Amino acid sequence: MVFEPPKRLVRALGETAPDGDDWLEKLPEAAQQAVALRELTVERVQVPGGRSSLVVLVRTADGTPAVLKLAPGRARPEAERAALAHWAGRGAVQLLEPFSTEGVLLLERLHPDVSVRSLPEAKALLEAAGTLRRLWVEPPAGFPFETVADRTGRQAEAMRARAEADPEVAPLVGLALAAREELLAAPPEHRLLHGTFRQSKVLGGERMPWLAVGPDPVVGECAFDLARLVRDRVEDLIAQPSGAATTRRRVKRLAESLDVDQERLRGWTLFRAVESGVRAGRVGRPRDAELLLEFASWL
């Protein structure tokens, strides 16, 4: 079988590595080797798939449905492996092999086309929040993960550079950076976080109704993780005449349901929305940038 990467993956990797690299060129051979090593039977490449990895639906030698995932080093697949191993299936997809092959993960098969995003909005937020709560555990000793301070520090540098080049975004960037400084001064807890949690990252499963996939794990406070969920379906929020009020109610409801400080959640939601909006503008996605920055202005 020819392992052709989906267009969505090619486009997304072009944004994160605009000068290119050889991972995509080596991907078909790497996928063939990963399949042969594990004696897998390939069903199909998942399309449209993810933005940072090739996902292949396979069966193991004994016929068990599984997922083979291949990701470049900049997507931090080894951090994902470590987080999934630590969660051990509690709220997240399970690893199916104990050994490590760089950039390759063999995972429990969930229902790839069924995410909580398919549910009505209120129910989707409830199920997603319940899944996220199970992931917030103490990190392992000597954890190999970034901290929220480190990750947002890199992002803050890029945001400042963009604000200098584009005065229109400078006021929102200034507010977001100020919020970050205040939030990092006294974090209330130290937990292992999913890092990129949203409704589409929660898939239907057999062991449990809903399980999280695709973490980009980070260690820090829970409000940082929950902040990404606040802006789910942002295009729908923007289209509503009452979008700003709905957003504020969502912050309140999610904070209360997961026992997170509402102001800390608002602050991290502001920072993460502005960071994503600035990044979208930088890589040539002006419509996404416009939506995210308008959303951020409501906070």
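Strand E7 and strand E10 (residues 218-220) run antiparallel and are joined by three bridges. They belong to an open sheet of three strands, in the order E6-E10-E7, with mixed pairing. The model is predicted.

- Leu193 has Val218 in E10 as its bridge partner.
- The open sheet holds three strands in the order E6-E10-E7. Strand E6 (146-147) and strand E7 (191-193) are its edges; each has a single partner strand, so one side of each lacks a neighbour in the sheet.
- Helix H7 (residues 222-230) packs on this sheet and touches E7 and E10. The direction of H7 makes about 20° with that of E7.

**Helix H7 and its burial**

- Nine of the nine residues of H7 are buried, so the helix is largely enclosed by the rest of the structure.
- The buried residues include the charged-type names Asp225 and Arg228 as well as Cys222, Phe224 and Leu229.

**H7 against H10**

- Two packed helices are described by the angle between their axes and the distance between the axes.
- For H7 and helix H10 (residues 262-282), the axes come within 8 Å and cross at roughly 65°.
- The crossing of H7 and H10 is right-handed.
- H7 contributes Ala223, Phe224, Asp225, Leu226, Ala227, Arg228 and Val230 to the contact. H10 contributes Arg264, Leu265, Trp268, Thr269 and Arg272.
- By type, the residues of this contact of H7 with H10 are seven nonpolar, one polar and four charged.

**H5 against H6**

- Helix H5 (residues 148-165) and helix H6 (residues 170-185) have axes that come within 10 Å and cross at roughly 160°. That makes H5 roughly antiparallel to H6.
- The crossing of H5 and H6 is left-handed.
- On the H5 side, the contact is formed by Val148, Ala149, Thr152, Gly153, Ala156, Met159, Arg160 and Ala163. On the H6 side, they meet Ala170, Val173, Ala176, Leu177, Arg180, Glu181 and Leu184.
- The residues of the contact of H5 with H6 are ten nonpolar, two polar and three charged.

- Strand E2 (residues 54-59) pairs with E3 in the antiparallel sense, over six bridges. Leu57 stands opposite Val67 in E3.
- E2 and E3 form a hairpin, with five residues between them. Gly63 in the turn has a positive phi of about 90°.
- E3 also pairs with strand E4 (residues 104-108), again in the antiparallel sense, over five bridges. Leu70 stands opposite Val104 in E4.
- Five of the six residues of strand E3 (residues 65-70) are buried, so E3 is largely enclosed by the rest of the structure.

- Ser276 is placed in helix H10. Ser276 is buried, at a relative accessible area of 9%. Leaving aside neighbours within four places in sequence, Ser276 is in contact with Arg231 and Leu292.
- Ala255 is found in helix H9 (residues 243-257). Ala255 is buried too, with a relative accessible area of 3%.
- Not counting residues up to four places away in sequence, Ala255 touches Leu226, Val260, Asp261, Gln262 and Leu265.
- Ala255 and Leu70 are 185 residues apart along the chain, and their C-alpha atoms are separated by 35 Å.

**Backbone exceptions**

- Most residues other than glycine have a negative phi, and most peptide bonds are trans.
- The peptide bond from Val47 to Pro48 is cis, with omega near 10°. Pro48 is found in the loop between strand E1 (41-45) and E2.
- Arg76 is not a glycine, yet its phi is positive, near 60°. Arg76 lies in the loop between E3 and helix H3 (77-87). At 28% relative accessibility, Arg76 counts as partly exposed.
- Arg233 is not a glycine either, and has a positive phi of about 60°. Arg233 lies in the loop between H7 and helix H8 (234-239). At 14% relative accessibility, Arg233 counts as buried, because buried means under 20%.

Key
Residues numbered from 1 in each chain as written. Predicted model: local features only at pLDDT ≥ 70, side-chain atom pairs only at ≥ 80, totals over all residues. Heavy atoms only, no water. Pairing = 2+ DSSP bridges. Helix = DSSP H or I, 4+ residues; strand = E, 2+ residues; numbered from the N terminus. Contact = heavy atoms within 4.5 Å. Axes fitted to C-alpha atoms, helices over the stretch in contact; angles between N-to-C directions. Parallel < 35°, antiparallel > 145°, perpendicular 65-115°, else oblique. Left-handed = near helix turned anticlockwise from the far one by under 90°. Buried < 20%, exposed > 50% of the residue type's maximum accessible area, 1.4 Å probe, protein only.
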